[in-house]
Amino acid sequence: RTDSSGKHLWTKSYRINGIAYCNTIATSNDGGFVVAGSTIIEGTNSFESYLLKLNGNGDSLWVKKFGNKPSGFSSIQRTIDGYIMTGDNAIIKADFNGNTIWNSSINGIGLSVIQTSDNGYVVSGSIDHNLGVLLVKSNKDGITSVDETKTTFDKYSIYQNYPNPFNPTTTISYSIPKSGFVKIKVYDLLGREVATL
């Protein structure tokens, strides 16, 4: 944490299972923070989502885990009565103590969530491995409408892998203008080829 002029105030690290990723953070209603991300479920290679509550000094107050739906949170927003989070195939509303108020499924990856002036929520993201745009409008109690727009690609594109960093697997999405065989080569930081997919 830094102050407004960038002066270092404190650095903390936290352990949640063996491997954990912090994807997003929000301020809490008491001057602290809520960190949201993903962690590996003990004894498996599957990810689950979590919330980590910190006080203003960075001390851990509690951890809440939400299972693998979503497998990790991409976005968190503090609301008037708690937090709203989104990730793979889900939107979750929690109170200020991290307890689930409701959980709604979505058909895609929620990447960003905001609260609207009518106390509902809007989630944006992607569908079909980044080949379309996902837009979900929810009232304060759950899903009310979904707009999934497919896009057409006329060029070759490769997208950021998810999760990043990864261990032991990751997903690499790409688009090509027509169907066909694809070969992807992976290089290390020194430019050496390490894998052909």
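Me: Which strand holds Trp-102?
Reply: Trp-102 sits in strand β7, residues 100-115. A strand here is a DSSP run of E, at least two residues, numbered from the N terminus. This is a predicted model, where local features need pLDDT of at least 70, side-chain atom pairs count only at pLDDT 80 or more, and totals for chains, interfaces and linings use all residues. Residues are numbered from 1 along each chain as its sequence is written, and side-chain values use heavy atoms, without hydrogens and water.

Me: Why is Trp-102 called buried?
Reply: Buried means under 20% relative accessible area (exposed is over 50%, partly exposed in between; 1.4 Å probe, protein chains only). Trp-102 has 10%, so the residue counts as buried.

Me: What is Trp-102 in contact with, leaving aside neighbours within four places in sequence?
Reply: Its partners include Ile-84, Ile-91, Tyr-121, Ser-138 and Lys-140. Contact means heavy atoms within 4.5 Å. Ile-92 is another partner.

Me: Which backbone oxygen does the side chain of Trp-102 reach?
Reply: That of Lys-140, at 2.9 Å. A polar contact pairs N or O atoms within 3.5 Å; within protein, one must be able to donate a hydrogen and the other to accept it, and residues adjacent in sequence count only if both atoms are side-chain atoms.

Me: Why is Ser-74 called buried?
Reply: Ser-74 has a relative accessible area of 17%, so it is buried. This residue lies in strand β5, residues 73-78.

Me: What does the side chain of Ser-74 reach?
Reply: The backbone oxygen of Gly-110, at 3.3 Å. Leaving aside neighbours within four places in sequence, Ser-74 is also in contact with residues including Asn-23, Thr-86 and Tyr-162.

Methods. Helices (H or I, at least four residues) and strands (E, at least two) are DSSP runs, numbered from the N terminus.
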